[in-house]
Amino acid sequence: MDLSDPSSRHGLAQRMAELARDIAAPRSLDQVLADVTTAAVQLIPAADIAGVLLIKGAGEFESLADTDSLVAQLDKLQHDFSEGPCHDAALKQTIVRTDDLRDEPRWPQYGPAAVERGVLSSLSFKLYTAERTAGALNLFSFQPGAWDTEAETVGTVFAAHAAAAIMASRHGQQMQSALSTRDRIGQAKGIIMERYGVDELRAFDLLRRLSQESQVKLIDIAQRVIDTRGDN
């Protein structure tokens with residue numbers, strides 16, 4: 001993509017606007033990230049395949065939105081070797097670029113393994129995903145010397161969209177969990193009010209004291225009350 005070309009800039013801006021709408025729409029994280037990686041391959045000529053790698057606190061690798069099954073293989077190699085561009089981008093650097101994996105001293109095990117699978121260069125971008133999850137948007141090319149400044153610029157924009165989608169999904173899950181917790185505590189209070197003839201405040205106080213005395217989370221106490229609602 002030539003960003004000095006007005007038509008190219010317009011096409012990029014249009015695709016960015018579409019991705020921004022996708023993030024706000026009620027769509028799954030996998031669908032949004034798949035749009036990001038597909039667009040990255042379409043708009044960055046050197047990118048042959050792309051994917052998103054998430055690394056969770058326990059060292060668990062999760063491959064998302066791969067445009068080709070080879071991406072998951074490359075992620076697994078980096079997991080097995082504990083080295084590689086996606087690994088470094090997720091956990092260390094903001095952008096990790098390699099122009100020729102045949103002559104790459106940073107990853108002595110991963111590099112030759114990737115070359116065996118036909119991948120000769122890669123470009124990875126850190127995703128600012130917060131808490132115990134790190135991530136990277138990863139682009140791969142079957143050619144050496146594939147990347148230029150424009151590829152890095154456009155890739156950085158796509159990485160921002162991917163990170164926003166992950167954060168929006170996490171927020172949605174947290175909201176859903178909060179609503180579920182509130183509903184279950186409300187059910188438990190209703191059961192206690194009916195069973196013991198007490199008001200809402202006394203019912204909640206009973207749940208709270210049971211939680212404190214047993215050192216069990218309030219939501220777990222509430223679930224126990226719901227589970228035993230048919231008991232005499």
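1. A salt bridge is taken here as a side-chain nitrogen of Lys or Arg within 4 Å of a carboxyl oxygen of Asp or Glu, and the structure holds 7 of them. This is a predicted model, in which local features need pLDDT of at least 70 and side-chain atom pairs count only at pLDDT 80 or more, while totals for chains, interfaces and linings use all residues. Residues are numbered from 1 along each chain as its sequence is written, and side-chain values use heavy atoms, with hydrogens and water left out.

2. The protein has 8 helices and 5 strands, these being DSSP runs numbered from the N terminus (helices H or I, at least four residues; strands E, at least two). Of its 232 residues, 41% count as buried, where buried means under 20% relative accessible area, exposed over 50% and partly exposed in between (1.4 Å probe, protein chains only).

3. Within helix α3 (residues 69-81), K76 and D80 lie 4 residues apart, about one turn of the helix, and they form a salt bridge whose closest N and O atoms are 2.8 Å apart. K76 is exposed, at 52% relative accessibility, whereas D80 is partly exposed, at 45%.

4. A further salt bridge, at 2.9 Å from N to O, joins the side chains of E152 and R97. This pair links distant parts of the chain, since E152 belongs to helix α6 (residues 149-196) and R97 to strand β3 (residues 95-98), 55 residues apart. E152 is partly exposed at 22%, and R97 is partly exposed at 28%.

5. E104 and R106 also form a salt bridge, with their closest N and O atoms 2.8 Å apart. Salt bridges that share partners join R97, D99 and E152 into one network.
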